Structures are given as C-alpha cells and as structure tokens.
Amino acid sequence: MNVTQDLSFIALITNAHLIVQLIMALLLGISITSWTYIFRKMFAVRAARRQTVDFEKTFWAGGNLHALHQSAGSNREQGGALARIFEAGMGEFIKGKAAYAASREAMDLGAVLDGARRAMRAAFQREMDVLEAHLAFLASVGSVSPYIGLLGTVWGIMNAFRGLANVQQATLAAVAPGIAEALIATAIGLFAAIPAVVAYNRFSHDIDRLAIRFESFVEEFSNILQRQSR
C-alpha cells in the first residue's frame, strides 16, 4: 500500500475483505428494507390519523347511528380504523337486540352492552396489530445494526494488521487504507440504525396517541349505547 492509493468511498468498498463486503451488503439490505417500512408506516399512520379525525367529526355531528353504521359497513377500507371499531360495536349491539326480540325474552341490557364492548375491543386489537406492524423490525435494526457494522470493522482492522506481518517497516500509510475500509462497515451500520431508531420512536408515539383516541371512543360510545337502550 502507498499514499497514492485510491481512497474513494467506492474503492474502499471494492477493495475490502470479502467478509467485510458481505457485512456491508447485509447492512445495505437491512437499510433498504428499513427505509421501505419507514415510508410505508409514515403514510399509513398519516392516513389513520386523517381518517380518525374525519370519522370523529361525522360521529359527533349527531347523525343517525344506524345510517352511520351502514355507511361504515359499505366503506370499510376508506372509513379507517375508528369507523371499523364503531361498525363492530354497533353491529354486535344490533344483533344482540335482535336476538332478544326474536326470543321474546326481556332484554338483558348488560349482556348486550358487554357484547358490543367486546366486539369493539377485538376490533381495536386488530387495528392496533395493523398499525404496529414492522415496528419490531425497526427496533431490531436500531439496536443490532451498529453491532453488525462493528463486527465488520473489527474483522477489517484485524486483516489490516495481519497484512503488516510481511512488511519490514510498519507505517500509518501502510495500514490506513485497510482501517478506512473497515470503518466503512461501522458507518453503514450507523446509517441503518439512526433512521430506524428515530422512526420507531416517532411512530410509537403517534400510534400510542391513536390508541388513546380509540379507547376513549370505545368508552364514550358504550355510554351512548347504554343511554339509548334505557
């Protein structure tokens, strides 16, 4: 090695040891996958927030609940998570009332309301599973990627010093290119980890706020059903 050796970013990658190159390729694939999930999650959370606000405005406008239930059922995908939670609860409430009417028994209001609440809770869990999809992957990328990059750096530095075994006079110019090649692995690992950590924290905060709104709606809607059934 000499001081005139090409130390450009591309050259350092192509001249790196095979193991280091494989680690770089792994980190690059992780980073691409992470960014794909970040953009998909960003659009999904933004759409969920907008749909929630729109449905809340429609619901609290004081319209007919049966008409709103039919509208939510015919536009499940466009209505959003909160509309599907409402549809599940209202649908179960209507079925419960119909069952007691068909059996000609005195309606057990508590049982009907419990059924509606359980249906909304189940729908709530399904919606949260969808919103929280791939968050665990982002968390794993944020915690593991720096260590994967560090592994590549350690391996590259080890090979750089092993290459000095046949050199009579060890100089910084001789070992610098090998160390630079190795450090790129750590840089790529940090490039994959930092956006994943930031995105995970942001999405977790936004999804938690949506979950609070969903839970509040479940309780408020349960109270409305209870008042209307008296």
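Colleague: How many aromatic pairs does the count come to?

Modeller: The model is a predicted one. Rings of Phe, Tyr and Trp pair if their centres lie within 6.5 Å. By this rule, the count of aromatic pairs comes to twelve.

Colleague: How many residues apart in sequence are the parts that the pair of F59 and F221 ties together?

Modeller: F59 and F221 form an edge-to-face pair, 5.7 Å centre to centre and with 80 degrees between the planes. Both F59 and F221 are buried. Because F59 lies in helix 2 and F221 in helix 8 (residues 172–228), the parts tied together are apart in sequence by 162 residues.

Colleague: Which helix gives the largest share of the nonpolar patch?

Modeller: L18, I19, L22, W155 and M158 make this surface patch of about 450 Å². At least two of its residues come from each of helix 2 (18–59) and helix 7 (135–162). The largest share, three residues, is supplied by helix 2.

Colleague: Is I19 buried, partly exposed or exposed?

Modeller: I19 is found in helix 2. Its relative accessible area is 31%. Buried means under 20% and exposed over 50%, so I19 is partly exposed.

Technical notes. Residues numbered from 1 in each chain as written. Predicted model: local features only at pLDDT ≥ 70, side-chain atom pairs only at ≥ 80, totals over all residues. Heavy atoms only, no water. Patch = residues over 30% accessible without salt bridge, like charges linked within 9 Å, V, L, I, M, F, W, Y side chains within 5 Å. Areas by Shrake-Rupley, 256 points an atom, 1.4 Å probe, with all protein chains shown as cover. Salt bridge = Lys/Arg side-chain N within 4 Å of Asp/Glu carboxyl O. Helix = DSSP H or I, 4+ residues; strand = E, 2+ residues; numbered from the N terminus. Buried < 20%, exposed > 50% of the residue type's maximum accessible area, 1.4 Å probe, protein only. Phe/Tyr/Trp six-rings, centres within 6.5 Å; stacked < 30°, edge-to-face > 60°.
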